[in-house]
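User: I am new to reading protein structures. Can we go through this one step by step?

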Amino acid sequence: MAIIELLSSSPIFYLFVVGLLGLMVGSFLNVVIHRLPMMMEHEWRAHCAELAESNTPPPDTEEKLTLSTPRSRCPQCGHAITILENIPVLSYLWLRGRCSACSEKISIRYPLIEFITALLSIVVAWHFGFTWPALAALFFTWALIALTMIDFDHQLLPDSITLPFLWSGLALSLWPVFVDSPTAIIGAIAGYLSLWAVYWAFKLITGKEGMGYGDFKLLALLGAWMGWQMLPVIILLSSAVGAVVGITLILLRGRNRNVPIPFGPYLAAAGWIALLWGHDISNAYLRFSGLQ
């Protein structure tokens, strides 16, 4: 109780604790981002072997892989990461970005994800204060970070993340935390069907698939958390950012236009912005257009 009172009465201490929590969660998200696609691949291979009625175990599955086992290791030499080598951000600086056993470079992405997770967590805590919406928004933020990086790496938005958060958004509407139940339910339906309709229209016109079903589920998730009224803001923000980034990659890096660019990261970024400032953006647009 004393800690809760201190968190609620001291904003600086509250933000400090949330920042530390964000660093630790960011370290765990690095594991999720790296291992979850591998776990899904192993599961698919096992299902394929089962369907083929094969008694031969799928390759690379001798050692059971979960989010907690085996311990994290250096991908080059197999050195098991110790507790002191796994302190978010600080261990990377202490090791000077290299494995302590083989001196192979450690990707800068790991401490960046930890730092970004901490930073976004602090922003959420500052925006919502010491409230239940802040707690919900923290989990929402962490899920979007994991989805963003997995989609960026593999063009994949795992159901094991999108579906639980879709249902949790609907559950939160029962109180309601962000929106009421009718608004959340319509938001989930409209979010899914809007991109589903765009997908089929694009496929009928071009004969190509413009996006994956994971994008439909992600927008349904965002609709469940924020309601149908926020969907236009999310779609416009994500499309604008996606178009700018895509054109920049084509012009500066000579990226092949036929190489798919994942849409999930832009949806996730737009959804996070909309959760915090969506109503302000909508009101500013209405005032600017003279509709309010």
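User: Which helix gives the largest share of the nonpolar patch?

Analyst: This is a predicted model. The patch sits on the surface and includes Ile185, Trp196 and Tyr213. Ile185 lies in helix H7. With 7 residues, the largest share comes from helix H7 (residues 181–206).

User: How much accessible area do the residues of the nonpolar patch have together?

Analyst: The members are Ile185, Ile189, Leu193, Trp196, Trp200, Leu204, Ile205 and Tyr213. They form a patch on the surface. Their accessible area together is about 840 Å².

User: Is H1 roughly parallel or roughly perpendicular to H2?

Analyst: Helix H1 covers residues 2–9 and helix H2 covers residues 11–51. Their axes are 5 Å apart, and the packing angle is about 110°. Angles of 65 to 115 degrees count as roughly perpendicular. Therefore H1 is, relative to H2, roughly perpendicular.

User: How many nonpolar residues are in the contact of H1 with H2?

Analyst: From H1 come Leu6, Leu7 and Ser9. They meet Pro11, Phe13, Tyr14 and Val17 in H2. By class, there are no charged residues and 1 polar residue, and the nonpolar count is 6.

User: What forms a salt bridge with Glu41?

Analyst: Side chains of opposite charge can pair when their charged atoms come close. The cut-off here is 4 Å between nitrogen and carboxyl oxygen. For the pair with Glu41, the closest N and O atoms are 2.7 Å apart. Both residues lie in helix H2, 4 residues apart, about one turn of the helix. The partner of Glu41 is Arg45.

User: Where is Pro70, and is its peptide bond from Thr69 cis or trans?

Analyst: Pro70 lies in the loop between H2 and helix H3 (90–94). Most peptide bonds are trans. From Thr69 to Pro70, omega is near -10°. This bond is cis.

User: What is the phi of Ser103, and is it positive or negative?

Analyst: Ser103 is in the loop between H3 and helix H4 (109–128). Most residues other than glycine have a negative phi. Ser103 is not a glycine, yet its phi is positive, at about 65°.

Key: Residues numbered from 1 in each chain as written. Predicted model: local features only at pLDDT ≥ 70, side-chain atom pairs only at ≥ 80, totals over all residues. Heavy atoms only, no water. Axes fitted to C-alpha atoms, helices over the stretch in contact; angles between N-to-C directions. Helix = DSSP H or I, 4+ residues; strand = E, 2+ residues; numbered from the N terminus. Parallel < 35°, antiparallel > 145°, perpendicular 65-115°, else oblique. Contact = heavy atoms within 4.5 Å. Nonpolar A, V, L, I, M, F, W, Y, C, P; charged D, E, K, R; others polar. Patch = residues over 30% accessible without salt bridge, like charges linked within 9 Å, V, L, I, M, F, W, Y side chains within 5 Å. Areas by Shrake-Rupley, 256 points an atom, 1.4 Å probe, with all protein chains shown as cover. Salt bridge = Lys/Arg side-chain N within 4 Å of Asp/Glu carboxyl O.
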